[in-house]
Amino acid sequence: SEFKFDEREMGIICVLFLRGPQTPGELRSRTNRLCEFSDIQQVEDTLERLRTREDGPFVLKLPREPGRRESRYAHLFSGEVDVSQYASLPRVVEAKSSSTAEDISRIDTLEQRVSALEQELAELKELLT
């Protein structure tokens, strides 16, 4: 059968084919030569359409990996994805009872900042190549 995808859907599918599972942030920066997303919400909306289309689904949201803020998405054009390989990844060690709520909050903030910096760095690298 013949599938009809808009430019953004096609951009996401192409990058998933080339690079494997990706987060919405990675997809936004890595599709910039194929299509344009004004923000991360547009990427998430497009992924949701690909996940819920009547003639689909075409993508699958994978379980969130330890230490990552965003879940990754995989394409389903090669058949079912073995989610167990992602579900069996080591879990983040629970915070010790001696850790304070302030420590946990500080770590969460640092993880978010690192993730944002990684995203910014990836976008800068894309601009330079």
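**Exercise 1. How do helices α1 and α3 lie to each other: roughly parallel or roughly perpendicular?**

Solution. The model is predicted.
Step 1. Locate the helices. Helix α1 spans residues 7-19, and helix α3 spans residues 40-52.
Step 2. Take the geometry. Two packed helices are described by the angle between their axes and the distance between the axes. Here the axes come within 10 Å and cross at roughly 85 degrees.
Step 3. Apply the cut-off. Angles of 65 to 115 degrees count as roughly perpendicular. Therefore α1 and α3 are roughly perpendicular to each other.
Step 4. List the residues that meet. From α1 come Arg8, Glu9, Ile12 and Ile13. From α3 come Gln42, Val43, Thr46, Leu47, Arg49 and Leu50. By class, this contact has 5 nonpolar, 2 polar and 3 charged residues.

**Exercise 2. Is Glu9 buried or exposed, and which side chain does the Glu9 side chain join in a polar contact?**

Solution. 
Step 1. Glu9 lies in helix α1.
Step 2. Check the area. Glu9 has a relative accessible area of 5%. Buried means under 20%, so Glu9 is buried.
Step 3. Find the contacts. Leave aside neighbours within four places in sequence. Glu9 is then in contact with Lys4, Thr46, Arg49, Leu50 and Arg53.
Step 4. Pick out the polar contact. The side chains of Glu9 and Arg49 are joined at 3.4 Å.

**Exercise 3. Where is Thr23, and is Thr23 buried or exposed?**

Solution. 
Step 1. Thr23 sits in the loop between α1 and α2, and α2 covers 24-30.
Step 2. Use the cut-off again. The relative accessible area of Thr23 is 4%, so Thr23 is buried.
Step 3. Look for partners. Not counting residues up to four places away in sequence, Thr23 touches Arg68, Glu70, Ser71 and Arg72. With Glu70, the side chain of Thr23 makes a polar contact of 3.3 Å.

**Exercise 4. Which two residues does a cis peptide bond join?**

Solution. 
Step 1. Recall the background. Most peptide bonds are trans.
Step 2. Read omega. Between Gly56 and Pro57, omega is about 5 degrees, and the bond is cis.
Step 3. Pro57 belongs to the loop between α3 and β1, with β1 at 59-61.

**Exercise 5. How many helices and strands does the chain have, and what pattern does the chain follow?**

Solution. 
Step 1. Count. The chain has 5 helices and 2 strands.
Step 2. Read along the sequence. The pattern is α-α-α-β-β-α-α.
Step 3. Of the 129 residues, 28% count as buried.
Step 4. The chain exposes about 9,000 Å², with 51% supplied by carbon and sulfur atoms.

Key:
Residues numbered from 1 in each chain as written. Predicted model: local features only at pLDDT ≥ 70, side-chain atom pairs only at ≥ 80, totals over all residues. Heavy atoms only, no water. Helix = DSSP H or I, 4+ residues; strand = E, 2+ residues; numbered from the N terminus. Buried < 20%, exposed > 50% of the residue type's maximum accessible area, 1.4 Å probe, protein only. Areas by Shrake-Rupley, 256 points an atom, 1.4 Å probe, with all protein chains shown as cover. Polar contact = N/O pair within 3.5 Å; in protein donor to acceptor, adjacent residues only side chain to side chain. Contact = heavy atoms within 4.5 Å. Axes fitted to C-alpha atoms, helices over the stretch in contact; angles between N-to-C directions. Parallel < 35°, antiparallel > 145°, perpendicular 65-115°, else oblique. Nonpolar A, V, L, I, M, F, W, Y, C, P; charged D, E, K, R; others polar.
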